[in-house]
Amino acid sequence: MASPRVLKLADQIKVIVAEMLERKIKDPRLGFVTVTDVRLTGDSREATVFYTVLGSAEDSAGTAAALTSATGLIRSQVGKQLGMKFTPTVTFVADAIPENARQIDDLLQRARDVDARVAQTAHGKTYAGDEDPYKHPDEDDSDDVDLDR
């Protein structure tokens, strides 16, 4: 687990990067970006910034190019605002959460469809035997023979 200092620095970097993208970076390729997470190594030398982009694949590619070109400016601003001896290198990584959530939603929808088909097939059907074929200890077993005699 990361130290509290590293977690605090990661949160500060997240805020700095988000503000930079909102106010300072004026690249037309930059789409609607959300900074989702920042992970900082234990020695605070490398920061990985996870982001998502609202829009198409073209918007994502343009945003990735804009972030790559603005990495130096963002890193220098992070160093100025944090006042650290060594400014961490900043790497931008597209977050896979939206794709994973979409896959989970698709799987859940398929499960709902299969459940609906099973329920439709079972509608109006009866059991081949009893509804509950298992014996329960509270039932009176008059058929059992007492073997102690």
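**Entry 1: the largest pocket.** I began with the lining of the largest pocket: β2, α2 (57–69) and α4 (97–122) each supply at least two of its residues. Helices (H or I, at least four residues) and strands (E, at least two) are DSSP runs, numbered from the N terminus. I was looking at a predicted model, where local features need pLDDT of at least 70, side-chain atom pairs count only at pLDDT 80 or more, and totals for chains, interfaces and linings use all residues. Residues are numbered from 1 along each chain as its sequence is written, and side-chain values use heavy atoms, with hydrogens and water left out.

I looked up the pocket's volume and found about 210 Å³. A pocket here is an open set of points on a 1 Å grid over the protein atoms alone, where a 1.4 Å probe fits, with protein on both sides within 12 Å along at least five of seven lines; lining residues have an atom within 4 Å of a point. Points are joined across faces, edges and corners, and the volume is the space filled by probe spheres set on them.

The lining includes Y51, S60, D95 and R102. I noted five nonpolar, four polar and three charged residues in this lining. Ala, Val, Leu, Ile, Met, Phe, Trp, Tyr, Cys and Pro count as nonpolar, Asp, Glu, Lys and Arg as charged, and the others, Gly among them, as polar.

**Entry 2: rings.** I found one aromatic pair in the structure. Y51 lies in strand β2 (residues 46–54) and F92 in strand β3 (residues 89–94), so the pair ties together parts 41 residues apart in sequence. Rings of Phe, Tyr and Trp (its six-membered ring) pair if their centres lie within 6.5 Å; planes under 30 degrees apart are stacked, over 60 edge-to-face, the rest tilted. Both Y51 and F92 are buried, meaning under 20% relative accessible area; exposed is over 50%, partly exposed in between (1.4 Å probe, protein chains only).

Next I checked F86. R45 lies over its face at 4.1 Å from the ring centre, and R75 lies over the face of F86 at 5.8 Å. The rule asks for NZ of Lys or CZ of Arg within 6 Å of the ring centre and within 35 degrees of the ring normal.

**Entry 3: S44.** I placed S44 in the loop between β1 (32–40) and β2. S44 is buried, at 5% relative accessible area. Not counting residues up to four places away in sequence, S44 touches R5, V6, L9, M84, F86 and P88; contact means heavy atoms within 4.5 Å. S44 has a positive phi of about 60°, although it is not a glycine. Most residues other than glycine have a negative phi.

**Entry 4: T63.** I found T63 in helix α2. Is T63 buried or exposed? T63 is buried, with a relative accessible area of 0%. Leaving aside neighbours within four places in sequence, its contacts include Y51 and V53.
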